[in-house]
Protein chains: 2
Amino acid sequence: MAKVLCVLYDDPVDGYPAKYARDEIPQISSYPGGQTTPSPHAIDFTPGELLGSVSGELGLRRFLENAGHTLVVTSDKDGPDSVFERELPDADIVISQPFWPAYLTRERIAKARNLKLAITAGIGSDHYDLQAASEAGLTIAEITFSNSISVSEHVVMMILSLVRNYIPSYGWVVKGGWNIADCVERSYDLEGMAVGTVAAGRIGSAVLRRLKPFDVRLHYTDLHRLPEDVERDLGVTFHQSAADMVPSGRWKAGSSPGMQAMSGSPSPHRATTPGAACRIMG
Amino acid sequence: MAKVLCVLYDDPVDGYPAKYARDEIPQISSYPGGQTTPSPHAIDFTPGELLGSVSGELGLRRFLENAGHTLVVTSDKDGPDSVFERELPDADIVISQPFWPAYLTRERIAKARNLKLAITAGIGSDHYDLQAASEAGLTIAEITFSNSISVSEHVVMMILSLVRNYIPSYGWVVKGGWNIADCVERSYDLEGMAVGTVAAGRIGSAVLRRLKPFDVRLHYTDLHRLPEDVERDLGVTFHQSAADMVPSGRWKAGSSPGMQAMSGSPSPHRATTPGAACRIMG
């Protein structure tokens with residue numbers, strides 16, 4: 001029987017939601033490309049309800065306890081006196097999240113004598129010392145594609161918001177102003193602009209696909225070139241490196257968790273040199 | 001020789017821009033559908049610079065004065081003591097803007113003995129008493145399609161921002177919080193949702209076209225049904241009225257300036273009755 005130590009972000013400040021903005025959420029049965037989404041035999045939570053915070057427990061408690069396992073959930077993850085560090089020595093499995101990560105440093109891995117598996121409930125492994133984990137024989141897992149479409153929607157939202165000056169304009173509304181000139185002097189249409197993505201994997205290619213009908217000029221760079229028919233269908237121009245891509249346009253989206261793996265790829269900061277027309281998104 | 005009376009919004013509070021966020025803006029030579037954009041013989045302003053506020057004068061002063069006309073520009077448009085009302089009696093042409101409209105009421109039209117033409121520098125005619133204008137023989141003109149693509153981009157931005165809870169999440173950032181649960185408890189993916197547009201003219205159909213790759217279920221209603229091949233291409237479902245459309249989904253975008261012309265169409269407010277899943281955008 002395993003001890004599962006789960007680190008989750010805190011509940012909402014006003015408490016765990018009693019009701020939600022939507023009555024239901026769409027059923028997504030397959031990813032773009034045809035791969036099916038997870039199909040568990042049963043679930044004991046309502047899809048769309050908040051599971052990611054402490055009280056939600058990722059919907060795991062009954063499932064684990066019915067199978068005889070132990071579940072410890074905490075949001076207290078930093079420092080030697082944290083619940084996480086106190087519970088770690090006899091934990092078999094650790095679960096945490098990309099934006100509320102329980103850091104598994106070399107020191108913590110050394111203390112965690114029973115640890116076999118560390119799961120990211122989402123995508124990302126920046127919070128693991130991968131070398132130390134490998135030496136300790138730990139399995140590190142993340143849930144590939146679990147939020148790639150979410151991120152691609154977020155990227156398109158951010159591109160539109162930045163180009164169109166949404167947030168500063170919203171700021172004028174909050175101040176009670178009707179300052180049209182202050183809103184529009186930095187507001188542009190996306191139409192006709194050049195947009196590039198560093199990496200065109202699941203997220204990057206979903207961004208490209210969503211941006212196509214905006215009548216922009218699409219660019220990308222990646223270690224692995226997209227199939228020719230996909231490039232043609234998207235009307236996207238390939239570049240050998242991010243540095244090659246920048247002079248040809250104003251690139252906007254960088255969506256490669258492994259960006260450092262791209263040999264010859266400049267840091268995003270270097271790419272800002274072309275000036276006023278270029279904007280970088282992480 | 002004509003007197004042109006132009007009502008424009010005020011300059012930015014920090015003064016007319018000395019520099020801009022972008023070095024240049026894209027050249028758009030044709031609208032979707034093939035119609036060409038305006039192709040003047042010459043322009044005497046830099047594309048992308050702010051022309052809509054008082055100091056920008058819509059780029060018209062030299063053009064008009066070189067031809068012997070008079071141009072009066074003001075932002076002071078409301079009330080009997082406004083510059084607009086003072087300059088109106090001998091004006092031949094009035095130009096104003098949808099979001100800074102110089103109202104042409106029956107009373108003002110009666111005072112404007114020389115007036116022949118009222119132009120909206122943009123789209124919209126809510127600020128004219130059209131019946132009184134018609135009786136006075138006035139020509140009312142707007143610039144069809146001049147910002148339809150801008151609006152369609154704005155609508156997609158707003159849909160994504162509302163569904164994904166962008167502005168409230170931004171609010172947490174501003175407050176210095178890292179309140180993940182507070183951000184995500186109202187945040188959803190657009191993927192798989194039903195999105196409907198009331199009217200599918202230039203704006204509505206541009207919205208539908210941009211939303212298609214988000215893998216949503218598209219719906220629309222309009223007095224004029226789209227061609228069958230366009231419906232098939234967009235995968236969009238037609239409804240006889242907005243009321244018919246609502247029960248089938250959660251519609252989000254209403255983009256018909258002439259919505260009141262749609263017989264049998266409910267007011268947007270009536271359409272909110274289906275509850276938590278439905279959101280209306282103006």
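Student: Which helix lies between β4(A) and β5(A) in a right-handed β-α-β unit?
Tutor: Strand β5 of chain A covers residues 139–142, and the helix in this unit covers residues 130–135; helices (H or I, at least four residues) and strands (E, at least two) are DSSP runs numbered from the N terminus. This is a predicted model, in which local features need pLDDT of at least 70 and side-chain atom pairs count only at pLDDT 80 or more, while totals for chains, interfaces and linings use all residues. Residues are numbered from 1 along each chain as its sequence is written, and chains are lettered from A and ligands numbered from 1 in the order in which they are written. Right-handed means a clockwise path from strand over helix to strand, with the strands pointing away from the viewer, and the helix that makes this unit with β4(A) and β5(A) is α4(A).

Student: Do β4(A) and β5(A) pair in the parallel or antiparallel sense?
Tutor: Strands pair if DSSP finds at least two bridges between them, and these two have four. In one of them, A:T120 partners A:E142. The sense of the pairing is parallel.

Student: Which residue of β4(A) is the bridge partner of A:I95?
Tutor: Strand β3 of chain A (residues 93–96) runs parallel to β4(A), joined by four bridges. These strands also make a right-handed β-α-β unit with helix α3 of chain A, residues 106–111. The partner of A:I95 is A:I119.

Student: Which element gives the most to the side of chain A that touches chain B?
Tutor: Counting residues as in contact if their C-beta atoms, placed from the backbone, lie within 7 Å, the contact takes 53 residues from chain A and 53 from chain B. With nine residues, the element that gives the most to chain A's side is α5(A).

Definitions and conventions. Contact = placed C-beta atoms within 7 Å.
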